[in-house]
Each structure stands twice: as C-alpha cells, then as structure tokens.
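Work through the exercises below with the sequence and the 3D view side by side. Try each task before reading its solution.

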Amino acid sequence: MTPGLRVLAPGMLTTVQDLGRPGYQRLGIAVSGALDTISLRAANALVGNAPGAGALEVAYVGPTLQVDAEEVRLAFVGAHAEIQILPDINAVGGGRWIEPMRSVRLRRGEVIRIGSLSRSAVLYIAIEGGFDIAPVLGSVSTYIRGGFGGWHGRALRSGDRLPLCADRASDREDCRLDGLDLACPPRFRAIVGPQADLFSAREIATFFSSEFNVSADSDRVGMRLDGAVVHEPRGVNMTSDGVAPGSIQVPGSGQPIVLLADRQTTGGYPKIATVISADLPALGRLPIGAKIAFEPVTVEAAQALHRKLAAEIDAIQDRVVPIDRDAVEVGSILLDCNLISGVVDARSWRM
C-alpha cells in the first residue's frame with residue numbers, strides 16, 4: 001500500500017493549499033492558495049520541500065491524523081496550538097507535546113492531535129516529500145466553491161487517506177525556525193483606489209480613521225468587516241472589472257469586504273482601496289473577531305515594502321536551525337514533573 005496520512009478527525013476546515021494557480025483568471029478561475037504564504041513557505045523550508053509545495057492549511061481547530069507510512073517528517077508553522085503526539089489510535093492521554101515552528105519525525109501508527117488555534121487563524125502542516133496529489137492547472141490548491149484541486153476539491157473529512165510521495169523521512173536532523181516574525185502590523189497599509197474617486201473625501205476619511213472587526217461571515221473568499229458604515233456611491237452604474245488580492249469592496253451595506261485567496265475574478269462593487277502585497281500574508285492570519293484598521297500609503301512605499309518582504313522570504317531558509325536535543329529532552333521532562341503543589345504536571349495545569 002502506498003504511504004499516507006489517515007484523517008481521524010478533520011478539524012474545522014483543513015484543506016490542501018500551495019501558492020495558488022495564477023494565470024487563469026481570464027477564464028473565471030480563482031487563484032486560491034494559502035491565506036498566509038509566509039507560514040506555508042516556512043513550513044516547507046523546515047522539511048526540505050520546495051517553497052510552494054502543497055501543505056495542509058488548518059483553520060481555527062486542528063485535525064487528528066495518523067501516520068500510515070514507515071516514517072514521516074512533519075512541520076508546523078503559523079498559529080499557536082497544542083500539538084500532541086500519541087503512540088497509537090487507542091492512546092487516551094500522555095504521549096508528547098511539541099510547539100509549532102519546528103519539524104518532527106513520526107513512525108507508523110503514531111497519531112498527531114492538534115487543538116484550537118490562537119494568535120492566528122491558520123496553521124500549516126508540511127510533510128517531507130509532499131502529497132501525491134495530481135495538480136489541477138498546475139496547482140494542488142483546493143478551491144471549495146469550484147469543487148476542484150486539493151483532495152477531491154473539498155475540505156478533509158474523517159476517513160480520508162492522503163497519499164504521500166515518500167514512505168520514509170530523510171536521515172537529517174529535525175529543525176526549528178529562529179526569529180520568524182508573524183506579528184500583524186498595527187494598521188494594514190493600503191493604496192487608495194481603484195474607484196476611490198467615486199467616494200467623497202468624507203467617506204474615504206471615515207474608512208481610514210475607523211477600526212473594524214472581522215465578521216463571523218468571513219471566509220477564504222472575503223474578510224467581511226463590521227464597524228463604521230462607508231456609504232457606497234449612489235447613482236453609479238459600474239461595470240464589473242477585475243479584482244486583485246486585498247481589494248476592498250464596499251457593497252450596499254456600507255460594510256467593507258477585503259478579498260482573499262478564493263476571491264472571484266471580477267466584481268461590480270466599487271473598491272475604495274487595496275491592501276498592499278507586503279501585508280497580505282498577515283491579513284490572512286487575522287481570526288474572526290480581530291480588530292483591523294487601515295492606513296493609506298503611496299505606490300512607491302508599497303513597492304519598497306514589497307521588496308523588503310521578498311528579501312525576508314529569501315532569508316527564511318537562513319532561519320532554519322537544528323533543534324537543541326538536550327534542551328528539548330530537559331523541557332519534556334520538566335513538563336511532566338509536579339513542580340507546584342496540588343498540580344499533577346505542567347501539561348494538565350490551566351489558568
């Protein structure tokens with residue numbers, strides 16, 4: 001039997017994603033791809049994959065997976081989560097716990113259980129060698145609304161078995177990421193337009209001076225914002241035109257929508273601004289309920305920030321360093337010790 005990962009529990013929304021399928025928007029095909037491309041690239045770097053290799057994008061609550069291969073190497077980058085590794089499917093407790101931002105080798109039958117995410121909406125799980133999934137139009141990204149790409153064009157379900165390209169992990173040491181900054185900016189930078197001329201100066205000022213909340217109605221297509229009403233221009237018949245990632249549409253409700261990875265290819269709502277490319281990975285990390293605000297920047301500033309991000313992407317591989325095994329072993333022992341009176345161990349204690 002080919003090597004694989006069995007899905008014992010799928011989590012809230014776990015899909016296969018890579019860097020997307022650009023070049024087909026003229027045919028009405030969404031680009032899709034990872035919401036947070038920095039974390040995807042970093043996870044792949046930890047396991048030695050190409051930067052754009054397909055990985056699992058986990059949203060909000062993680063899956064439970066079982067290794068059905070001789071040995072695999074996984075890496076976890078993005079949101080903070082409790083990641084538990086159990087010896088087999090029947091184990092109830094114990095096992096070992098690891099933090100994100102590192103790789104780990106697992107053997108046949110071992111189980112990875114990932115809890116609720118915090119500090120980000122998404123976590124990426126890369127596997128050395130990648131998934132043995134046929135690309136659609138050059139990409140393994142899942143486009144759920146279109147029903148194609150990824151694993152049968154949908155989110156993972158219990159009982160799925162994802163085929164792997166490699167049955168055994170390489171012999172190299174496991175690694176961690178040193179100093180990768182995944183913090184979101186205090187205000188997301190945006191270029192005014194392309195239809196800002198349809199809004200009054202007052203409405204533009206309202207948009208850039210207000211703080212919004214990420215609505216529970218948000219998804220991979222668009223981040224819906226709740227907050228100050230930005231009135232849509234009246235009496236304007238606008239022809240649908242192309243949309244870019246980060247385009248901020250203003251529908252009739254006056255509540256802005258920021259378009260994300262699974263955005264449509266054209267839209268008829270006026271766009272008051274566009275989040276710059278350098279801030280898009282951080283935008284994809286924002287969870288439901290997060291606060292968000294914007295500030296206008298020039299095209300020249302956006303280009304400079306894009307170059308800075310490109311340099312940071314090139315430096316990701318330099319942040320991959322070997323794990324200090326002695327420190328890991330000591331930390332694992334301390335977590336299992338009764339260091340505080342009345343507490344069984346550090347892992348079972350909660351504030």
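Before starting, note that this is a predicted model, in which local features need pLDDT of at least 70 and side-chain atom pairs count only at pLDDT 80 or more, while totals for chains, interfaces and linings use all residues. Residues are numbered from 1 along each chain as its sequence is written, and side-chain values use heavy atoms, with hydrogens and water left out.

**Exercise 1. Find the burial of Asp-68, then identify its salt-bridge partner and say where the two residues lie.**

Step one is burial: Asp-68 has a relative accessible area of 13% and is therefore buried, where buried means under 20% relative accessible area, exposed over 50%, and partly exposed in between (1.4 Å probe, protein chains only). Step two is the partner, which is Arg-6, with the closest N and O atoms 3.1 Å apart; a salt bridge here is a side-chain nitrogen of Lys or Arg within 4 Å of a carboxyl oxygen of Asp or Glu. Step three is location: Asp-68 belongs to strand β4 (residues 64–68) and Arg-6 to strand β1 (residues 4–9), so the pair links distant parts of the chain, 62 residues apart. Helices (H or I, at least four residues) and strands (E, at least two) are DSSP runs, numbered from the N terminus. Arg-6, at 31% relative accessibility, counts as partly exposed.

**Exercise 2. Which residue forms a salt bridge with Arg-73, and are the two partners buried or exposed?**

The side chain of Arg-73 meets that of Asp-174 in a salt bridge, at 2.8 Å from N to O. Arg-73 sits in strand β5 (residues 71–80), whereas Asp-174 is in the loop between β11 (161–163) and β12 (175–177), 101 residues apart. Asp-174 is buried because its relative accessible area is 8%, and Arg-73 is buried with a value of 0%.

**Exercise 3. Into what domains is the protein divided, and what lies across their interface?**

First, take the division: domain 1 covers 4–176 + 321–347 and domain 2 covers 188–313, with bounds that come from an automatic or database domain assignment. Second, take the distance, which is 30 Å between the C-alpha centres of domain 1 and domain 2. Third, look at the contacts, where 23 residues of domain 1 meet 18 residues of domain 2, contact meaning heavy atoms within 4.5 Å.

**Exercise 4. Which residues of helix α2 (residues 201–209) are buried, and what do they pack against?**

Begin with the buried residues, which are Glu-203, Ile-204, Phe-207 and Phe-208. They cover an arc of only 130 degrees around the axis, which puts them on the same side of α2; the arc is that of the directions from the helix axis to the C-beta atoms. An α-helix has 3.6 residues a turn, so residues three or four places apart point the same way. On the other side of α2, Ala-201, Arg-202 and Ser-209 are exposed. The buried residues of α2 pack against β13 (188–192), β14, β17 (247–249), β20 (271–275) and β21 (291–296).

**Exercise 5. Which residues touch the most other members of the largest nonpolar core?**

Of the 55 residues in this core, the answer is Phe-207, Met-223, Ile-272, Leu-283, Ile-292 and Phe-294. A nonpolar core is a set of buried Ala, Val, Leu, Ile, Met, Phe, Trp, Tyr and Cys residues joined through side-chain atoms within 4.5 Å. The largest share of the core, seven residues, comes from helix α1 (residues 37–47), and the core draws at least three residues from each of domain 1 and domain 2. Leaving aside neighbours within four places in sequence, Phe-294 is in contact with residues including Phe-207, Phe-212 and Val-275. A second, separate core of 31 residues includes Leu-106, Leu-123, Ile-125 and Phe-131.

**Exercise 6. Where is the peptide bond that is cis?**

The cis bond runs from Gly-193 to Pro-194, with omega near 15 degrees, and Pro-194 is placed in the loop between β13 and α2.
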